[in-house]
Amino acid sequence: MSARELSYAEAVREALAQAMEADERVFLMGEDIGVYGGAFQVTGDLVHRFGEDRVMDTPIAELGAAGVAVGAALAGSKPVFEFQFSDFATLAMEQIVNQAAKIRFMLGGKVSVPLVMRFPAGSGTGAAAQHSQSLDAWFAHVPGLKVVQPATPHDAKGLLLSAIDDPDPVMVFEHKLLYKMKGEVPEEAYRVPIGKALVRREGRHVTIVATAIMVHRALEAAEILSGEGIDVEVIDLRTLRPLDTQTIIESVKKTTRLACVYEGVKTLGIGAEISAMIAESEAFDYLDAPILRLGGAEAPIPYNPVLEKAAVPQTDGIIASVRRLVTGRI
Amino acid sequence: MTQVTQETVAVSNLRDFYRHFDTTALRDALRRMYLIRRFEEGAEEAYTRGLIHGTMHLSIGQEASAVGSCMDLRKTDYITSTHRGHGHCIAKGADPKLMFAEFFGKEEGYCRGRGGSMHIADVESGNLGANGIVGGGLPIAVGAALAIRKQKRDDVAVCFFGDGASNEGAFHEALNMAAIWKLPVLFICENNKYGMSVSTERSMAVRNVADRAPAYNMPGEIVDGNRIEDVSEAVMRATARARNGDGPSLIETKTYRIRGHSKSDRNRYRTKEEIEEWKARDPIGHFEANLEAFGILRKDEAEAIRVAAEVEIAAAVEFAKGGTDPLPADLMRDVYTKGAA
């Protein structure tokens, strides 16, 4: 089959359409996802194809609407909920953290909550501190939730379809800067498994574990570093919970060095978890250098474009840090 | 509020409630009210004797609200409940034996000992769960009603909540969405005058929770929550409206919890006189007197119902004591549906 390219946003939309075609229980909820097409035009024309009952505009009421999605999931529907910006999920944490994540457990396994929530996340759009956060690690800290973070159009479609199949609540973090990125996307309704990281580039000297847009910056950095004789392995984490520890451990045992690159605030972020996991694992004895974390600054995301870039890892910074990590000891 | 008095009306003037339900259903309603009362007393006793841990929120005094709301519901209708949810659970059809097993933390309990008092639910009877978060069940009930409509069923979702929850944002968001989408949901506010220790006078800008209904373009009805016939008739009107596709309703049952908020309550915010005044308005005594006055139940039959409730609760406690303790090795079970991290 010849390669067909879609943008990340188109890939998400195709997954939503295929899921709704395949299962009449699936429906979409969110703010301005109907005729407006979604703030980032992800749902686009779906309201015209599936009608307002299946592509439901909600009032601006994140807590209540999230709870409606939880209740609908409990009663046999399969809602896919779009937060307009991931930041607005702060208004809905009660329903996500206390209800969706725990109801199955609290009720002794008598029910499931087949709920998918989509979170447009990340900085780089000049929208400043309340529209640019990367809060994925918050959600990954909650047992009962699954958290995925697709980095490519291919994975955006495949992970979303897996999320909709899943009987438990799955949080899907989509980086806003990736929505226009093009990539190969098969037409059929394929699945990318939840809980599996992917080695995007093989290398011998250092492992970079990256998420979302940082996967692409890490790959750019790896390409440039290869010209200097530094051979970088890049792992796209893809799922934050459940974490694919084995893929990371095997990689670190091979390369003997680890860098974690992510956009969320560095302290207590996903990099801390991966670092600690490696320190506790058999890979620890193989390390030839301290573990490196490159994460978001300990500050809100600023408006000024120069400051905004300075607040999260950029390709040049990744190159410099990884070069130091590798050349410092060999 | 009108004082509860024994009605002595001619049978020909019987209210709809006593005509709508047959003798069996009316006696069963009384039985359930006694079952709730004895259940709460049994739970309290077990707690005091150190047989169960944690905390609990007793609904003694609120039995008419729970039973009156549920007695005309179907098994396929949903309820969402509150931290004060034992009565709702029994009223919707749960087995006290399995509820006590849950209180004792046993595998035989409704939640296999994982939920306890605050999350008790008999899912089979349409109970989507008590809730430890004030207002947590409000949007969930709206979502259940949305699913009902998507599945083209004519069931309803009944959302129990308290006066305190009506000050939460979730209440306002839930009522608004239920109204704009005309969903089959009943919001039943059990106004027992206090959100923990703070009175409605101190916490609400309006006098009644039902006064908030017009803002969401739905009927708001106030009933005496200690009179089962008042509660039931209002709920039947709202249920008919919901099943007919005419949208949600808000019903405020004015009632009172005779016990404190929870086991930590020292009753510093209310007077003994107030508690005694409400004890005199006992919903069970009122209903039983009516059933006798209307010739639906003899005194000896009422006594038999009381005794049967006591026997059933005593047996339930014994059943729970003999239950199986969960194993630490099973801690991770049911965090996810399929085994995952």
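## Cysteines and the chain B sheet

The sulfur of Cys70(B) lies 9.8 Å from the closest cysteine sulfur, that of Cys89(B), which is too far for a bond. This is a predicted model, in which local features need pLDDT of at least 70 and side-chain atom pairs count only at pLDDT 80 or more, while totals for chains, interfaces and linings use all residues. Residues are numbered from 1 along each chain as its sequence is written, chains are lettered from A and ligands numbered from 1 in the order in which they are written, and side-chain values use heavy atoms, leaving out hydrogens and water.

Over all chains, zero disulfides (pairs of cysteine sulfur atoms within 2.5 Å) are found.

| Residue | Relative accessibility | Class |
|---|---|---|
| Cys260(A) | 1% | buried |
| Cys70(B) | 4% | buried |

Chain B holds an open sheet of five strands in the order S1-S2-S3-S7-S6, with parallel pairing. Strands are DSSP runs of E, at least two residues, and helices runs of H or I, at least four, numbered from the N terminus; two strands pair if DSSP finds at least two bridges between them. At the edges are S1 (78-80) and S6 (220-224) of chain B, each pairing on one side only. S6(B) is joined to the parallel strand S7 (residues 249-254) of chain B by five bridges, and Glu221(B) stands opposite Ile251(B) in S7(B).

Helix H9 (residues 228-243) of chain B packs on the sheet, touching S3 (185-191), S6 and S7 of chain B; contact means heavy atoms within 4.5 Å. The direction of H9(B) makes about 155° with that of S6(B), where axes are lines fitted to C-alpha atoms, for helices over the stretch in contact, and angles run from 0 to 180 degrees between N-to-C directions.

Definitions and conventions. Buried means under 20% relative accessible area, exposed over 50%, partly exposed in between (1.4 Å probe, protein chains only).
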